[in-house]
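Here are my notes for anyone opening this model without having seen it before. Keep the viewer open and go through the points in order.

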Amino acid sequence: MTRTLVWFRDDLRTADHEALLQACERAENPGDVVGLYVLDEVSPGVRPLGGAARWWLHHALESLQQNLAALGIVLLLRRGDPAELLLGLAQELGAERVHWSRRYGGGERAVDAGIKAALPEHGIAVESFNASLLHEPWTVQTNTGGPYKVYTPFWRQISAREPGLPRPRPVPLGPVEAAHRRLPELSQGPGELEDWQLLPTSPDWAGGLRRNWTPTEAGGHARLKEFLATQVQDYDDARDVPADDDTSRLSPYLRFGQLSPRQVWEAAQQQSPESVGTFLSEIGWREFCWHLLFHFPQLPHTNLRPQFDAYPWRSRDDSPEEFMAWAQGRTGFPWVDAGQRQLWETGHMHNRVRMASASLLIKNLGIDWREGEAWFWDTLVDADAASNPANWQWVAGCGMDAAPYFRIFNPQRQRERFDPESRYVSTWIPELNTGEYPAPIIDLKTTREEALAHYSQISGRG
DNA sequence: AGGGATTTTGG
DNA sequence: CAAAATCCC
């Protein structure tokens, strides 16, 4: 018998999962493949999940547990330090091999490298696979051998490349009851998801999330199918109208690996190239952000353009009232407030509104992009370790291939252009015309001028 | 994937 | 004289 332990992380699916598939191909009986998820809140450099992500994770693990059970595979749940847990568990199980899908953040790579070095000393083989990206970051290089720092040439290169076809879901090994019977007695039981308390209870604020999402692997495939059948054709223009929300809404499924970018890519190839080009380039932006994180592991916390280190951003503590007005959707700018309330209620904010909301916080309120990034990390169901900070750095102007600093969104103008009938803002701000809605907390014109003055100082032209 | 001031265009 | 193009931040 060859027993393989498959360590799931941000790849919570059963289809197009090379690590799982190869484990199953080696298996002869139920129980020869064992799944594991570790809730890691202790490894340095591994960012603890935000509240909305914890909600999604709970349901994603429930979904994975069911889908693995249908393949005759038990999913074990453990909490703690994976560096300790993996070895102990592999030994208790008598597993000869451990498989996983690669991670690309700095802290995650350090954890994985440590385990990959340690297990073979105990006779346990480790093999890792790609599951989260179209192309491994080290395979996409400029002519001079470095990482791309500009999106357009990056996209030119990867869009001309075939990412490879999705891999099939494994053939079932047998009934999961048989798998349970064949496992040795473990020092801990399989683990109970409820014990992790990932779902909010007092209060239960997840009602809006439940109403807006189906956080399962099947839900991801259904959303992909629906989007490609009915929305992608008009994506180019329709994506800019937040009242309709004709964006793909696939980001949380990609975040948790319930869908792979390769599955999305392959499904989109069934459509005409001109109708999916803009959509696929957004998948390209996600890829670009992950490649950036791989090459610049400081991305989540450090300006990629160091001259911004001298920018006099304020902290959340410097201006708690203004920060909370922004966070809770009380700035007096309907476009931004609607977005923040949509975020709080649904765990999601339309992309066109995200840009303006971030711009207001960073440029008009003068608050550090890291404060807004942390808020989004806690409240978005789709926040991932690469896209979230990379896009905040994009708006702030301090990232690679970022928006020029002097692009400052005007939330009133954005509302006129993209919500002229106020369908979006009135959905999220019922008191808009009742007199209870607050006046703007800052003056757009003067704060804009202040931001530009600060910018000219750090850019060396002041 | 901007905004705003200013200049130019064209009916 | 209003809309479009251009330039600057």
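1. Ground rules. This is a predicted model, where local features need pLDDT of at least 70, side-chain atom pairs count only at pLDDT 80 or more, and totals for chains, interfaces and linings use all residues. Residues are numbered from 1 along each chain as its sequence is written, chains are lettered from A and ligands numbered from 1 in the order in which they are written, and side-chain values use heavy atoms, with hydrogens and water left out.

2. Overall build. Chain A has 20 helices and five strands (DSSP runs numbered from the N terminus: H or I of at least four residues for helices, E of at least two for strands). Its radius of gyration is 23 Å, close to the 23 Å from the globule rule for 462 residues, so chain A is as compact as a globular protein of that length. That radius is taken over C-alpha atoms, and the rule is 2.2 Å times the number of residues to the power 0.38. Along its principal axes, the C-alpha trace of chain A spans about 70 × 50 × 50 Å.

3. Of the 462 residues in chain A, 57% are buried (under 20% relative accessible area; exposed is over 50%, partly exposed in between, with a 1.4 Å probe and protein chains only). For contacts between residues at least 6 apart in sequence, 81% join residues at least 24 apart; contact means heavy atoms within 4.5 Å.

4. What surrounds the DNA? DNA strand B has 15 residues around it, and the closest are Trp-285, Arg-352, Phe-406, Ile-408 and Arg-417. A residue is near the strand if one of its heavy atoms lies within 4 Å of it. By type, this surface has six nonpolar, two polar and seven charged residues. For the classes, Ala, Val, Leu, Ile, Met, Phe, Trp, Tyr, Cys and Pro are nonpolar, Asp, Glu, Lys and Arg are charged, and the others, Gly among them, are polar.

5. Which part of the strand faces the protein? Of the atoms of DNA strand B within 4 Å of the protein, 62% belong to sugar or phosphate and the rest to bases. With three residues, α18 gives the most.

6. Asp-40. You'll find Asp-40 in the loop between β2 (33-39) and α2 (51-69). Asp-40 is buried, at 12% relative accessible area. Its side chain makes a polar contact of 2.7 Å with the side chain of Ser-43 (N or O atoms within 3.5 Å; within protein, one must be able to donate a hydrogen and the other to accept it, and residues adjacent in sequence count only if both atoms are side-chain atoms). A polar atom of the Asp-40 side chain also lies 3.0 Å from the backbone nitrogen of Val-42. Leaving out residues up to four places away in sequence, Asp-40 touches Val-46, Gly-80 and Pro-82.

7. Ser-202 and Pro-203 are joined by a cis peptide bond, with omega about 0 degrees. Asp-16 has a positive phi near 50 degrees and counts as buried at 2% relative accessibility.
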